[in-house]
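Welcome, and thanks for taking a look. Please have the model open beside this briefing as you read.

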Amino acid sequence: MKRKLGKAIRRFYAALVVLALMPLAGPALTGGGDYAPNATPAPQATGGGGVEIRADGFGLPLAGEPLALTYDKPSVKLQTGASVQFEAVIEQAGLYTVAFDAAAPADVTITPPEGALLVDDVLPFPDAGAISFPLFYENAADRFPRDRYGNEILMPQRRLERWSRVALRDAAFSQAYPLRLDLTAGRHTFEFTLNSGTLFLGSVYLQPFAPYVSYEKYLAQHPAAEASGVLIELEAEFPTFKNDTAVRPVSSRSLDVTPYDTYRLLLNTLGGESWKRSGSAVYYAFDVPQDGMYIITLRAIQDYKNNFTVFRRITVNGEVPFAELNEAPFRYSTRWANLPLGGDTPYRIYLQRGVNVLGIETTVSPYFPSIERIRASLRDIMDLSLEIKKLTGNQFDIYKEWEIADYIPDIVERLTAMADALRADKQMLMAVNQSAGSQEVLAYQMAIDNLDALARDPNKIPTRMNRLSEGSGSATQLLGSILPSLQSQPLALDKIYIHSPDVTPPDIHVPATTAVSEGLKRFVRSFRRDPYQEIGANPDEIEVWVNRPRQYVDLLQALTDERFTPETGIKVKFSIMPNESKLALACAAGIQPDVALGVSTNIPYELAIRNALMNLRAFDDFDQFIRIYTPGSLLHYIIDDAVYAIPEAQDFWVTFYRKDIMASLGLPIPHTWNEVLEILPELQRYGLNFNTPLSSGSGLKGYLITAPYIFNQGAQLYNPDGLSGLSSEEAIRGIKFMAESFTVYGMPLTTANFYDSFRYGNLPIGVSNFETYLKLLTAAPEVEGLWDIDLYPATVTPDGQEYRYATGSAQAALMFANTDRPEEAWTFMKWWMSTETQVAFQEQLIMNYGLEYLWNSANVEAFSYSPIPQHHKDVILAQWQWLQEPVKLPGSYMQERELSNVWNRIVFDGVNPRVAIDASITIINREILRKMEEFGYIKDGVRVRDVTIPSIEMVKGWMADDD
C-alpha cells in the first residue's frame with residue numbers, strides 16, 4: 001500500500017447517527033480566514049470530553065442534496081485544493097485524537113480523496129499530510145452471475161455513498177489506535193486542505209485519547225441478559241459493503257464449505273489471499289430480534305501461512321466493543337472450523353434489537369513493533385554498509401586486512417544492538433504465534449546469526465558484505481523478506497453466525513465415503529477438455545481469442561454482454577487463446593478467430609506479411625480512431641501504407657531511484673546520460689551502480705532495449721531502400737555508447753533481478769519498466785515512500801539536441817483477414833479500445849482484484865485515469881510522448897539479432913566497433929534482400945516494389961487528416 005497512491009483501503013466507522021462528544025462552548029469560528037477577535041469563542045475541549053466543530057462554522061457554502069440528506073448535520077463539499085480552518089480551546093493538556101465525518105460522492109470510483117491537516121501551521125506528523133478517506137462498495141446484484149459454462153463469476157461492484165467517521169490513522173493502518181495529537185492547554189488553530197478528489201465534509205471532532213476498555217469492564221458496563229433461541233447465519237461471500245474491492249469471493253472445492261457443487265465452480269468463500277492488507281474491511285448488516293448478549297462465530301480457515309497467526313479488528317456499529325476485539329487472533333489451521341470470538345470461552349457482545357453492523361478489518365497492529373524494528377534495522381544496516389564502503393573504497397580484496405574498528409569505533413556496539421533488538425522481536429513473534437517453526441522466525445534467526453558473526457570479527461566485514469547487505473542470505477535480504485510477510489494477513493471466511501449463548505452453530509462433518517466419491521467424480525471430470533479453451537462460435541457471434549488469464553476473459557465477456565451487445569446487437573464469444581505462437585497454424589487450418597487480443601507485438605507483422613491479417617486502415621474512420629494513441633506506438637504494425645494491428649496495452653521505460661540513498665550520498669537525479677556518467681564514479685565508489693535495460697538477463701538483446709540507443713542519436717534503423725542503416729555515423733555513435741556503458745563506464749553487465757537489487761539498495765537507481773513499477777507499488781512495503789520515478793535519461797547529441805526515445809511494446813489487438821464479419825469486428829475493436837470502455841475495464845478489474853491488476857492501457861486518455869500517484873502519471877505520460885517502436889521490414893529479425901551480436905563482440909571479445917558493425921551489415925543486408933525477394937519486393941534481382949519505411953511523422957499525418 002502506498003501513501004501517495006492514497007490507498008483505497010481505509011478504516012470505516014459505521015455510525016448511523018453522529019454523536020456529539022460534548023455540548024459545544026459556542027459555534028465554530030468562520031473557516032478560511034484569520035481569527036476575528038470579536039468572534040464567538042472557539043469550541044472548547046476539557047479534560048472530561050471532546051469538542052465538535054460543525055461544518056456550518058467553516059465559512060463555506062453548505063452542501064445540498066442529495067448526499068446531505070443522509071447526514072443530519074451541516075456539511076460542505078470540497079474540491080481539490082479547498083481548505084477549511086477552525087479553532088478550538090484545550091483546557092487540559094494531553095493526547096487527543098481527530099476524526100472527520102466525511103463521504104465521497106459516487107463519481108469517485110477508485111482513488112479516494114486525500115487531505116492534509118495542519119495544527120498551529122505545522123504538520124504534526126508525516127501521515128497527517130496524506131489522510132485518505134474511505135470509499136465504500138457494494139455488490140451490484142443479489143447473486144453471482146454465471147458464465148456460459150455454468151460457473152459463477154464475480155459480480156460488478158458499485159460505489160456506495162455513505163457517511164463515516166474517519167479517524168486520523170497511520171497511512172499503513174499498522175497501529176492499534178488512531179494517531180494522537182499532543183496538545184497543550186490553550187487555543188489551537190487547525191487547517192484541513194483537500195489534496196485531491198472531491199469530498200463531503202461534516203463535523204470534525206477532537207477527543208481526549210483513551211484506550212479501549214477491557215472485556216471485564218465491558219461486561220460490567222453492559223449488565224444485560226443473554227439472548228435466547230437466536231441463530232443468524234450469514235454467507236461471508238455476500239458482505240453488505242466493504243472498503244476494499246480487492247477483498248473478493250473465491251471458489252473453494254472443499255467439502256467443508258457451502259454451497260458446494262461437484263462440477264461447477266461456486267464463489268462460496270470470501271477473502272483468502274485477497275484479504276491480507278491491513279485496513280481492508282468488510283461489513284455485514286443483520287437484524288437481531290431482541291436486546292441482549294450474543295456470541296459471534298466465524299467459520300474460517302487460515303491455511304495460507306504455516307505456523308502464523310493473523311489478526312482482525314472487530315467493530316460493532318462502528319465501534320470496537322473492548323480491547324480484546326481490537327486484535328482478534330486467528331491461528332494456523334488446515335481445516336475449516338467454527339471459531340467463536342473469544343475462543344473456548346466466547347465473548348458475550350451486547351446487541352440492541354434491530355439492525356446492527358459487524359465490521360471485520362485486517363490489522364497488523366500486533367506486529368507493528370516488529371515492522372518498525374525491521375525498518376529501523378534496514379536503515380541502520382544500509383547506513384553502516386555505506387560507511388564501510390566509503391572507508392574501503394569498495395575494495396574487497398580477501399588478502400587485504402582492515403582495522404575497521406579504528407575508523408568506526410562503535411561498529412561492534414551497533415551490530416550487537418541490532419542483533420539484540422531483532423532477538424527481542426523474534427521472541428515476541430514466537431509468543432504471538434505460539435510457534436518457533438514459522439518462516440519468519442527462521443529468517444529472524446538467520447539475520448541475527450549474520451549480525452552476531454560480523455560483530456565477533458568486524459575487521460572481516462569488508463570481505464563479508466554478503467552477510468551484511470549484499471546478495472541472497474544477507475541480513476538485508478532476510479529482513480526484507482520478513483517485512484512483507486508480517487504485513488500479509490490472509491484469512492478466508494465461509495459463514496458468520498450471530499447467535500445466543502444457548503445455541504450452537506451447525507458444524508459440517510463430511511463422511512469419508514462422500515469425500516472419496518466426490519474425489520472420484522472430479523477425477524473423471526478432469527479428462528474433459530477445458531471449455532474456456534474451446535474454439536468456435538455460433539454463426540451470429542464474433543469469435544475473439546484472448547491471450548490472458550481467465551479473470552480477464554470473464555470480465556471481458558461480462559462487460560461486452562452488459563454494454564456492447566445491447567448497444568450494437570453484435571454478439572461476441574471470448575475464449576482463452578490456446579497458444580499465441582500457433583496462430584499461424586490456426587490460420588493454415590482455417591480455425592482462427594475473427595479477432596485476437598493480448599497478442600505479443602512481435603507476432604502481428606509475421607502474420608500480416610503472409611496476408612493473414614486485415615488491413616485496419618481500410619476502414620474509413622481508422623485515421624480518426626488512432627488519435628487515442630501515441631504515434632510511435634503504431635510503427636510495429638505498419639507495412640507500406642497499411643496497419644495490421646492496434647496497440648492494446650503499453651509498457652514504459654523510466655528511471656527509478658531510491659530517494660533515501662541518493663540523498664545520503666548527496667547525488668542529484670540525472671536527467672541525461674551525461675549526468676548519469678557524472679554520478680557513476682561516486683556510485684561505484686560505494687559498490688553501487690546504475691542499472692540499464694541491457695543489464696537484465698542474458699542472450700539476445702532485442703530491439704526493445706537496443707533500438708533506443710540508435711534513435712536517440714538521431715539515426716534510423718533502416719535506409720530509405722530498406723537496407724540496414726547501422727553504418728551511419730549517428731548509428732555507430734549510438735552502438736559505441738551502448739557498448740562503452742559497460743566496457744568503459746562499468747555499468748553492470750548482468751542484473752539478475754533489478755527489482756530485488758533496487759529494494760535492497762544495491763542498485764539504487766536505474767532504468768526499468770512497468771513490471772518493476774507495479775511490483776514496487778504493491779509488493780515492496782520496506783521501501784514505501786523511499787522511491788520515485790523520472791523520465792528516461794536523454795541523450796545529448798553533438799548539436800545540442802536532447803532525445804529520450806524509448807520503446808513501449810506490450811500487447812496488440814488484431815483482426816484476421818478471412819473474417820466474414822469485418823465491420824462488426826472493427827466495431828468491437830473500436831468499442832474495446834475506446835476511452836469509456838478502457839476506463840470501465842480498468843476500474844472493474846481493480847475493483848474485483850486489487851491494484852495488483854493495474855491495467856496499462858495503450859489508450860493515453862484512458863491511462864490518465866489510472867489510480868496511481870499523479871506525479872507518476874505525469875512522468876509516464878510525458879515519457880510516452882517519446883515512445884518510438886522499431887519498424888518491421890522483411891528480414892528485420894536478422895538486424896535485431898546482429899545488433900545484439902555486435903554488442904556481444906565489442907563487450908566480450910574486444911572487437912573494434914566499426915569492424916563488428918561492418919561484418920554484421922553484410923549479413924543483415926544479405927538476409928533483407930533474400931526476404932524482399934520472397935515477399936515480392938525484388939524479382940530476378942530487380943526491385944519491382946518500393947519499401948515504405950514507417951515513421952512517426954507519417955502516423956502524425958494520418959492523425960491530422962480530417963477526411
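F173 sits in the loop that runs between β10 (164-167) and β11 (181-183), and at 4% relative accessibility F173 counts as buried. Buried here means under 20% relative accessible area, exposed means over 50%, and partly exposed lies in between (1.4 Å probe, protein chains only). Helices (H or I, at least four residues) and strands (E, at least two) are DSSP runs, numbered from the N terminus.

This is a predicted model, in which local features need pLDDT of at least 70 and side-chain atom pairs count only at pLDDT 80 or more, while totals for chains, interfaces and linings use all residues. Residues are numbered from 1 along each chain as its sequence is written, and side-chain values use heavy atoms, with hydrogens and water left out.

**Backbone geometry**

- The phi angle of F173 is near 55°, a positive value in a residue other than glycine.
- N611, in the loop between α11 (603-608) and α12, also has a positive phi, near 65°.
- N611 is exposed, with a relative accessible area of 65%.
- The peptide bond from T258 to P259 is cis, with omega near -5°, and P259 belongs to the loop between β16 (249-250) and β17 (269-272).
- For background, most residues other than glycine have a negative phi, and most peptide bonds are trans.

**Buried residues and their neighbours**

- A281 lies in strand β18 (residues 281-288) and is buried, at 0% relative accessibility.
- Leaving out residues up to four places away in sequence, A281 touches K242, N243, D244, W275, I360 and E361; contact means heavy atoms within 4.5 Å.
- The C-alpha atoms of A281 and N243 are separated by 5.7 Å, with the two residues 38 residues apart along the chain.
- Q157, in strand β9 (residues 157-160), is buried with a relative accessible area of 10%.
- The side chain of Q157 makes a polar contact of 2.9 Å with that of N139 and another of 3.4 Å with that of K242.
- A polar contact is a pair of N or O atoms within 3.5 Å; within protein, one must be able to donate a hydrogen and the other to accept it, and residues adjacent in sequence count only if both atoms are side-chain atoms.
- Not counting residues up to four places away, the residues that Q157 touches include Q844, M847 and N848.
- S633 is placed in the loop between α12 (622-625) and β29 (638-639) and is buried, with a relative accessible area of 4%.
- From S633, the side chain reaches the backbone oxygen of T630 at 2.7 Å.
- Beyond its neighbours within four places in sequence, S633 is in contact with P647, Q650, L883 and E885.

**Helix α22**

- In α22 (residues 870-880), the residues H872, K873, V875, I876, Q879 and W880 are buried.
- They cover an arc of only 165° around the axis, which puts them on the same side of α22; the arc is that of the directions from the helix axis to the C-beta atoms.
- Among the elements covering these buried residues are β32 (653-658), α18 (770-779), β35 (787-790) and α21 (860-863).

**Salt bridges**

- The whole structure holds 44 salt bridges, each defined as a side-chain nitrogen of Lys or Arg within 4 Å of a carboxyl oxygen of Asp or Glu.
- E729 pairs with R914, the closest N and O atoms being 2.8 Å apart.
- This pair links distant parts of the chain, 185 residues apart: E729 is in helix α16 (residues 729-743) and R914 in helix α24 (residues 913-934).
- E729 is partly exposed at 45% relative accessibility, and R914 is partly exposed at 41%.
- K775 and E771 form a salt bridge of 3.4 Å, N to O.
- Being four residues apart in helix α18, K775 and E771 are separated by about one helical turn.
- E824 forms a salt bridge with R821, with 3.9 Å between the closest N and O atoms; E824 is partly exposed at 25%, whereas R821 is buried at 16%.
- D147, R550 and D554 are linked in a network of salt bridges.
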